[in-house]
Amino acid sequence: MNFPPLSLSRELFSKLGTHRVIAKTTESTRNICKSTLYLFLALATPFIAYHGYQSYTMFWSSSLSSSRSPITDAESLRRQRISSSELYNPDVSSKVPVIYSSYYDISFLGIEKLHPFDSSKWGRICKFLISEGHLEKSSIVEPLEASTEDLLVVHTEAYLNSLKNSVNVARITEVPPVAILPNWLVQMKVLYPFRRQVGGTVLAAKLAKERGWAINIGGGFHHCSGGRGGGFCAYADISLCIHFAFVRSNISRVMIIDLDAHQGNGHERDFGNDERVYILDMYNPQIYPFDMTARNYIDQKVEVVTGTTTDEYLKQLDKALEVAWSNFAPELIIYNAGTDILDGDPLGGLKVSPDGVVQRDEKVFRFFRERNIPIVMVTSGGYMKTSARVIANSIINLSNKGLIDTKVHNGRR
C-alpha cells in the first residue's frame, strides 16, 4: 500500500544552524589536568586489570560451556514468543475462514479522509457479503489483537517504541494531523485497528492449513519490515504470519505472491536471505517505494509499467505462476491481493478492469487450490471507493466457482 508523502518538511531543520563554543584553557590548566589524569590511571590500573582478567575468564568459560550464539538465542526467544501467543486461540469450529472485526475500520473526526485510502473499506466488504446473502455475520472469525510480545517476533523494541511518538506514526500513515494528537489517542484510533488486522493475518495461516484457504478482509501491510514502517503500514503482518506458520503450523516453505501495484519492500527486507520464503512480486516499478535494496531480494520480479491493461496483466500473471511453481514447492501461499491495480486508481498507475481483478484472484486461487496448497489472502492497497465492491465481487466469484465455501454446514464449514 502507498499514500501521499507526509507534508512535514525537513527544510526547517536544515535551516537551523548549530554553534560550537570552543573552550580555551591556559597551559597551566592543561598541566593540572594531565597530572590529575596520570594520578587517576596510576591508582585505577590495578583495579581495571583485575576486572579485565575476570571478564576475560568469564567470557571464555561461558563460550566453552555453551554452544549458543546471539543468533540462536534470538531464534529461541522468537519461538518462545510464538509458542506462548494467544493469536491462534479463537474458537473457529463453527465459522468459515473469513476473518474480520469491526475494530479494523479507522474513523476519527474525519482525519482518515485526508488521504485517498478508504479506511472503512473492510467493513463495507463484509456488509456487501452479508446483505447479499453470501456470508452470515455469525460465521465470521473475529481475531485477537497482536500484543507487544507478538509484535516482537519480528519487530525491534526500538521500532515499537518509536510508535509511541505521534510524529513517527504520522510519517508512517502519511496523515500529517496525526502528529499533533496525543499518543494514547493515536494508539487507540489508529494503531489498535492495525494490531487487530495483524492478529487476523496471523490467524489466517492456521485456518488455511486446516481448511485449505483463509481470507483476512484486512491486512497486507507490505511496506513495513521489522525495523521500519511506511506507506500506511505500521506493522509487518505478512512477516509475522509466516514466522507463526513456521512454528505453530509446522510449515517449512512459504511463497509470497504480491500482486499489489506497489513493490512489497517490507517482507522483501525481512526475508531477503531466507531460503524458506520465495517471493513473486508483480508491481509497477515507476511508483513508490523505489526500494532498490529490497528489489535485490525478490526471487521473481514481474514489472508491469504504468498503463498496463487487463489482457496484458493477466497474460503476465499466468506465465509468472507457472515459473514460480517450477522454481519452488510451497507448503503455504500468502497472497497479497491489492486492488490498486484498478483502472483509475490514483496511485497504482495500471489499467486493469474490475472484472480483471476478479479474474486475477480466481487464477491465483484456482492454481493453488487445484494443487492442494493452502492459501491466505489479504486485501492490501486500493484507493478508490469502488475497491470494496470489487473485493466483495471477487469473493463471491471464488465461492460461485467452488474455490472457497462461505457457508456453514452442520456447525462447521
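This is a predicted model: local features need pLDDT of at least 70, side-chain atom pairs count only at pLDDT 80 or more; totals for chains, interfaces and linings use all residues.
Figure 1. Of its 413 residues, 52% count as buried. When contacts between residues at least 6 apart in sequence are considered, 77% of them join residues that are at least 24 apart.

**Figure 2. Helix α14 and what covers it.** Helix α14 runs through residues 387-400 and has 14 residues, and the distance from its first C-alpha to its last is 20 Å, close to the 20 Å expected at 1.5 Å a residue. The helix is mostly covered, since 10 of its 14 residues are buried. Among these buried residues are Ser387, Val390, Ile391, Ile395 and Leu398, and what covers the buried residues of α14 includes helix α4, strand β2 (213-216) and helix α13 (354-369). Just after α14 comes glycine 402, which takes a positive phi of about 75°.

**Figure 3. Leucine 342 and the residues it touches.** Leucine 342 lies in the loop between strand β6 (332-336) and helix α13. Its relative accessible area is 2%, and leucine 342 therefore counts as buried. Leaving aside residues up to four places away in sequence, leucine 342 touches Leu350, Val352, Ser353, Pro354, Val357, Met384, Ser387 and Val390. Two of the residues in that list, Ser387 and Val390, are also among the buried residues of α14. Leucine 342 and valine 357 are 15 residues apart in sequence, while their C-alpha atoms are 7.4 Å apart in space.

**Figure 4. Strands β4 and β5, side by side.** Strand β4, residues 277-283, pairs with β5 in the parallel sense, and the pairing runs over four bridges. Within this pairing, leucine 280 stands opposite glutamine 300 of β5. Strand β5, residues 300-303, has two faces, with Gln300 and Val302 on the covered one and Lys301 and Glu303 on the uncovered one.

Figure 5. Aspartate 274 is found in the loop between helix α10 (265-270) and strand β4. With a relative accessible area of 17%, aspartate 274 is buried, because the cut-off for this class is under 20%. The side chain of aspartate 274 makes a polar contact with the side chain of arginine 276, at 2.7 Å.

Figure 6. Side chains of opposite charge can pair when their charged atoms come close. The count for this model comes to 16 salt bridges, and two of them are shown here. In one of them, arginine 81 pairs with glutamate 149, and the closest N and O atoms are 2.9 Å apart. This pair links distant parts of the chain, with arginine 81 in helix α3 (residues 70-84) and glutamate 149 in helix α5 (residues 148-151), 68 residues apart. Arginine 81 is buried, at 15% relative accessible area, whereas glutamate 149 is partly exposed, at 43%. In the other, the side chains of arginine 195 and glutamate 145 meet at 2.8 Å, N to O. Arginine 195 lies in helix α8 (residues 183-211) and glutamate 145 in the loop between α4 (121-131) and α5, so this pair ties together parts that are 50 residues apart in sequence. Here again arginine 195 is buried, at 12% relative accessibility, and glutamate 145 is partly exposed, with a relative accessible area of 31%.

Figure 7. The side chains of arginine 360 and aspartate 361 meet in a salt bridge at 3.0 Å, N to O. Both partners are buried, as arginine 360 has a relative accessible area of 0% and aspartate 361 has a relative accessibility of 2%. A further group, Glu362, Arg366, Glu370 and Lys401, is linked in a network of salt bridges.

Figure 8. A disulfide is a covalent bond between the sulfur atoms of two cysteines. The count in this model comes to zero disulfides.

Key. Residues are numbered from 1 along each chain as its sequence is written. Side-chain values use heavy atoms; hydrogens and water are left out. Buried means under 20% relative accessible area, exposed over 50%, partly exposed in between (1.4 Å probe, protein chains only). Two strands pair if DSSP finds at least two bridges between them. A polar contact is a pair of N or O atoms within 3.5 Å; within protein, one must be able to donate a hydrogen and the other to accept it, and residues adjacent in sequence count only if both atoms are side-chain atoms. A disulfide is a pair of cysteine sulfur atoms within 2.5 Å. A salt bridge is a side-chain nitrogen of Lys or Arg within 4 Å of a carboxyl oxygen of Asp or Glu. The expected span of a helix is 1.5 Å times one less than its number of residues. Contact means heavy atoms within 4.5 Å.
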